[in-house]
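Trainee: Could we go through this structure together? I would like to begin with how its elements are named.

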Amino acid sequence: MIDSMKIREEFPILHQEINGKPLVYLDNAATSQKPKFVVEAMKDYYYNYNANVHRGLYRLSARATEAYDLAREKVARFIGATHNHEVIFTSGTTAAINLVASSWAQENLKENDVILLSEMEHHSNIVPWHFLQKRIGVELRFLKVDENGVLCLDNLDELLQNVKLVGLTHVSNTLGTINPIKKIAEAAHNVGAKVLIDGAQAVPHMEVNVQDLGCDFYAFSGHKMCGPTGVGVLWGKEEILDSMPPFLGGGDMIDEVYLEYSTYASLPNKFEAGTMNIAQVVGLGAAVDYLLQIGLSNILAHEEQMVEVALKKLSALDVRFIGNAENRAGVISFVMDKAHPHDIATILDYEGIAVRAGHHCTQPLMKKFSVPATARVSFYFYNTLDEIDRLVYGLEKVKEIFQRVS
Ligand SMILES: *Cc1c(COP(=O)(O)O)cnc(C)c1O
């Protein structure tokens, strides 16, 4: 099990007061905090072996290259990739999805081909497909979300007709719902569609094995899993990545360049044009080591307990939950009768509690549930049961204030 108090020593940022109260950080779905271990790994790179990778024949560059390649190997093992070169470093989930849209989809899809998404997608798994809708006239179709925030899959086979790509979030960043990826991927493959999974909310919190899920692409961000901003991953099956044209052209992604034409490097370099975020890649490798040391099953179990306790305690406070899936991760969205979510977040901030209020980059979902916004609390392994009590105390304040107002 997780010893949160001991773990918190690794996170200097958590030991501060906001408005005279100890900080309670409950916005982990937006970004996680960073342990010393990760910050130190990046510091070590900058202090001791900062150099560009794959270029120099000198010692520092060799060391930087080694660290860069090792990080790729760690990530590959972490998600169960078959080959290290199936891991492409990007700047984040958004960039990874855009890579698939601009390369694979642009190359393989034509007018009237169908892309199946869902109503619970993050904007970064909607807007890139809007681009393609405009550019090549693909049709977008959406899996519906029911009143509990669960995907309706009754008519999946029907919806899959003419579908060439299924793009789906593994875990909803707004509802907390964990989607049955394996089952959907199987159905998608039966009609010959490719499957792209947005794993931004899954990889930080549970064991993810891309082989086991049976998807073709998997995208996630470093900064939500204790790593730095500016780095993320696109995993893809070797043969698919091999067949795809490069997305960005420039240094490092070439084999040979003539004035008239150029040829491209093999994987993974083909998709890593220009100088990459080397320090951040090193930091991501360290984050993987750190999470493995704590144990993904421990992290999941801790968050399950946090959610169970939080749901029970919040239920007593007249909140309405947006999303009631049985199979859920450590994310709770809710609204209150009289208080706007922004008021909730502002009042909680007075109490030193950081929660998010807004549409969480899922505007279609807000429309679906007829709310302008939600308040969202999202846990990580360094959160404690005491912090849930602080949250409850803060929400009682919110209730009090708004009862007085009306
Ligand atoms: C955060 C998030 C994204 C976007 O990640 P970036 O790091 O901002 O690129 C995409 N999808 C989901 C589900 C997310 O939670």
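Mentor: Helices (H or I, at least four residues) and strands (E, at least two) are DSSP runs, numbered from the N terminus. With that naming, D318 is found in the loop between α11 (296-315) and β13 (319-321).

Trainee: What should I know about the model itself?

Mentor: This is a predicted model, in which local features need pLDDT of at least 70 and side-chain atom pairs count only at pLDDT 80 or more, while totals for chains, interfaces and linings use all residues. Residues are numbered from 1 along each chain as its sequence is written, and side-chain values use heavy atoms, with hydrogens and water left out.

Trainee: Back to D318, then. What is its phi?

Mentor: Phi of D318 is near 55 degrees, a positive value in a residue other than glycine. Most residues other than glycine have a negative phi, and most peptide bonds are trans.

Trainee: Is D318 buried or exposed?

Mentor: D318 counts as exposed, because its relative accessibility is 52%. Buried means under 20% relative accessible area, exposed over 50%, and partly exposed in between (1.4 Å probe, protein chains only).

Trainee: And where is S370?

Mentor: S370 lies in the loop between α13 (363-368) and β17 (374-378). Phi of S370 is near 55 degrees, again a positive value in a residue other than glycine, and S370 counts as exposed at 63% relative accessibility.

Trainee: Which peptide bond is cis?

Mentor: The bond from L267 to P268 is cis, with omega near -5 degrees. P268 is in the loop between β12 (262-264) and α10.

Trainee: How many residues does α10 have?

Mentor: Helix α10 (residues 278-294) has 17 residues and reaches 25 Å from its first C-alpha to its last, close to the 24 Å expected at 1.5 Å a residue. The expected span is 1.5 Å times one less than the number of residues. Of the 17 residues in α10, 14 are buried. After α10 comes G295, whose phi is positive, near 100 degrees.

Trainee: Changing topic: which strands pair with β7?

Mentor: Strand β5 (residues 114-118) is joined to β7 by 3 bridges and runs parallel to it. Strand β8 (residues 194-198) also pairs with β7 in the parallel sense, over 5 bridges. Two strands pair if DSSP finds at least two bridges between them.

Trainee: What does V166 face in these strands?

Mentor: V166 in β7 is the bridge partner of L116, and V166 stands opposite V195 in β8. Strand β7 (residues 163-169) is mostly covered, with 6 of its 7 residues buried.

Trainee: What about E119?

Mentor: E119 sits in the loop between β5 and α5 (127-136). E119 is buried, with a relative accessible area of 15%. Its side chain makes a polar contact with the side chain of K368 (2.9 Å). A polar contact is a pair of N or O atoms within 3.5 Å; within protein, one must be able to donate a hydrogen and the other to accept it, and residues adjacent in sequence count only if both atoms are side-chain atoms.

Trainee: Finally, which residues surround the ligand?

Mentor: Among them are T93, H122, N173, D198 and H223; a residue is near a molecule if one of its heavy atoms lies within 4 Å of it. A polar side-chain atom of T94 lies 2.6 Å from an oxygen atom of the ligand, and for K224 the corresponding distance is 2.7 Å.
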